[in-house]
Amino acid sequence: MDKFARINFLGAAGVVTGSKFLLETSEKNILIDCGMFQGLKELRELNWSDLPINVRTIDVVLLTHGHLDHVGYLPRLLKQGFTGKIIGTAPTLAIAEIVLTDSAKIHEEDAKKANKEKYTKHNPALPFYTKYEVEKTIAQFQVEMTDKWIVLSEHISYRFQYNGHIIGATFIEIDVNGKRFVFSGDIGRQNDYLLDAPKKPEWADFLFVESTYGNKLHPHEDIEEILSKLIKETILKKGNLIIPSFAVERLQTLMFLLWKLYKKNKIPNIPIFIDSPMGNNVLDVFKRFPKWHKLSMVDYNAMCNHINIVQSYQETWKTIDDKRSKIIIAGSGMVTGGRVLTYLQQLIDEPSTTVLLVGYQAEGTRGRQLQDGAHEMRFYGKYYPVKAKIYSIESLSAHADQNDLLNWMSAIKNIPEKVFLIHGEPNSLDAFRTKIQDTYHWNVTIPKLTDVEKVII
């Protein structure tokens, strides 16, 4: 085997989204994750460009988990000539199928709407990919178990390890000629409502670690108290509490928390509407894979029975027209698309509306604009004044904070040859680099987009 390997940083380098890392060796070329860029316009525009590599030379794709910024580019990869297997855990591939199918539907609908209402400079506007292209992608999925070394070639094997964060999520260890490459994916919290604590790697020659909250500690907020207070205020104002939510994990956590608050008599029986077709499908994944989470089937069924699931776009409008005070949880979590746009378009200019942001808001998203105090918001080509009260809580984040990240690395027995910080904004990456160097005295580097690193194996 050749004594060198190359790592191509094709996404999530210097930014949070678009995770894609190509590990090239003389035996196999492995792509770890294949995500879409989200947020800033200049990043989103990168999605439309072909990758700066020969995609046909990629042998296999390994997925850490099913979020859009880790799987959303897969249909484009196939379009550029990839023909190999796409491998992940069973829940990851189930989530990826839901996410990609939903994404294609939104791309097709947005293109149709933009062409009909002529608020696009593209003539015609085209979907990023179609449902047909997603079906072709899903046909290349292959399930593998966790905790088992899978032989890929004579000198290469890999293993998935449980990582919290969302159902099915893992970090990936790849042994190449005796050297271990560890790709963290997104690392979950030590204490999560629905998931177990992440496992920890015990050896890493080359460590690739996410840094989303590399410069922050999650605040010790009393989530139940905050939710109770906001719900009671909403009822007093005869208004609506709108929670833009990620369909995977966050939505199920919110359902669980609201049901728990009602059970404890901490909130009255206010109508709760879940409007996320994708979120409903993810609920089914929780039912199918009970060993991957902490929720008992008794609690799962009681929680689902307590909440109104919106089934159609027609029901979305019925929910908006419903004059009762209510809680609406709708996708997407960063307010970039999905059903939540319709609710906000209709209700954001009312002082009785409260919007609660419950997760990371990437630069350039409407969620970040709201978090930063925007006085107006653009939906479907028109501007609407923001008169709603905007609240934000960080402690529901599914991402490890700085302490959790350091703890995740604490079981590594050797000194890694190199640590690469990925999946973070510049301030976060820089602060985390300093923290790792001070704590572990390891050699840390921050790669940039399209960097190629050559390492000895």
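## A buried isoleucine

I274 is buried, with a relative accessible area of 0%; buried means under 20%, exposed over 50% and partly exposed in between, with a 1.4 Å probe and protein chains only. This residue lies in strand β13 (residues 272-275). Helices (H or I, at least four residues) and strands (E, at least two) are DSSP runs, numbered from the N terminus.

Leaving aside residues up to four places away in sequence, I274 touches L251, M255, N280, I307, N308, I309, V310 and I329, where contact means heavy atoms within 4.5 Å. The C-alpha atoms of I274 and I328 are 6.1 Å apart, although 54 residues separate the two along the chain.

## About the model

This is a predicted model, in which local features need pLDDT of at least 70, side-chain atom pairs count only at pLDDT 80 or more, and totals for chains, interfaces and linings use all residues. Residues are numbered from 1 along each chain as its sequence is written, and side-chain values use heavy atoms, leaving out hydrogens and water.

## A sheet of seven strands

Now to an open sheet with mixed pairing, whose seven strands follow the order β7-β8-β9-β10-β11-β20-β21. β7 (150-153) and β21 (444-445) are at the edges with a single partner strand each, so one side of each has no neighbour in the sheet. Two strands pair if DSSP finds at least two bridges between them. β20 (residues 418-422) pairs with β21 in the parallel sense over two bridges, and V419 stands opposite V444 in β21.

## A helix on the sheet

Helix α14 (residues 426-440) packs on the sheet and touches β11, β20 and β21. The direction of α14 makes about 155° with that of β20; axes are lines fitted to C-alpha atoms, for helices over the stretch in contact, and angles run from 0 to 180 degrees between N-to-C directions.
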